[in-house]
Amino acid sequence: GWIVADCTGEGLKAALICKRHNYTETPLSDDRLFDAVDMLLLMQNTTDGYATCEKTRGWHFFELFNASEVFGEIMIDYDYVECTSSALQALCLFRAMYPAHRT
């Protein structure tokens, strides 16, 4: 998978749809799909949401060290609804296609 949560989610959804409907002669292997799922599961925050590039590390008070007057809340990577939505949609589709994986 890619290192960005929503790109991994969108890529995984596309790969699963292509595989389900035989849209390509050479679909991604199951191992590549499993890698994407593993990456998404590793990137999930303790809040159950997803940030952009990594799990949220640090505390909100880190924002006190933000030297930028233009950009706020940039010191740690917070959960984003777009990233969370993409990741969860992909994981739900994956679960529907591979119900026995990781059980």
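The legends below describe close-up views of a predicted model.

**Figure 1. Packing of helix H1 against helix H3.** Helix H1, residues 5-20, packs against helix H3, residues 81-97, at an angle of about 30°, and their axes are 8 Å apart. Because angles under 35 degrees count as roughly parallel, H1 is roughly parallel to H3. The crossing of H1 past H3 is left-handed. On the H1 side, the residues in contact are Ala-5, Asp-6, Gly-9, Glu-10, Leu-12, Lys-13, Leu-16, Ile-17 and Arg-20. They meet Glu-82, Cys-83, Ser-86, Ala-87, Gln-89, Ala-90, Leu-93, Phe-94, Ala-96 and Met-97 of H3. The residues of this contact between H1 and H3 comprise 11 nonpolar, 3 polar and 5 charged.

Figure 2. Ala-15 belongs to helix H1 and is buried, with a relative accessibility of 13%. Leaving aside residues up to four places away in sequence, Ala-15 touches Leu-28 and Leu-33. Ala-15 and Leu-28 are separated by 6.7 Å from C-alpha to C-alpha and are 13 residues apart in sequence.

**Figure 3. Helix H2 and its buried residues.** The end C-alpha atoms of H2 are 20 Å apart, which agrees with the 20 Å that its 14 residues should span at 1.5 Å a residue. Leu-33, Phe-34, Ala-36, Val-37, Leu-40 and Met-43 are buried in H2. The buried residues of this helix pack against H1 and H3.

**Figure 4. Asn-45 in the loop between H2 and H3.** Asn-45 lies in the loop that runs between helix H2 (30-43) and H3. Its relative accessible area is 5%, so Asn-45 is buried. When residues up to four places away in sequence are not counted, Asn-45 touches Tyr-50, Ala-51, Lys-55, Thr-56 and Asp-79.

Figure 5. Most residues other than glycine have a negative phi. Asn-22 is not a glycine, yet has a positive phi of about 55°. This residue is placed in the loop between H1 and H2. Asn-22 counts as exposed because its relative accessibility is 66%. Asp-48, also a residue other than glycine, has a positive phi near 75°. Asp-48 is found in the loop between H2 and H3. With a relative accessible area of 52%, Asp-48 is exposed.

Methods:
Residues numbered from 1 in each chain as written. Predicted model: local features only at pLDDT ≥ 70, side-chain atom pairs only at ≥ 80, totals over all residues. Heavy atoms only, no water. Axes fitted to C-alpha atoms, helices over the stretch in contact; angles between N-to-C directions. Helix = DSSP H or I, 4+ residues; strand = E, 2+ residues; numbered from the N terminus. Parallel < 35°, antiparallel > 145°, perpendicular 65-115°, else oblique. Left-handed = near helix turned anticlockwise from the far one by under 90°. Contact = heavy atoms within 4.5 Å. Nonpolar A, V, L, I, M, F, W, Y, C, P; charged D, E, K, R; others polar. Buried < 20%, exposed > 50% of the residue type's maximum accessible area, 1.4 Å probe, protein only. Expected span 1.5 Å × (residues − 1).
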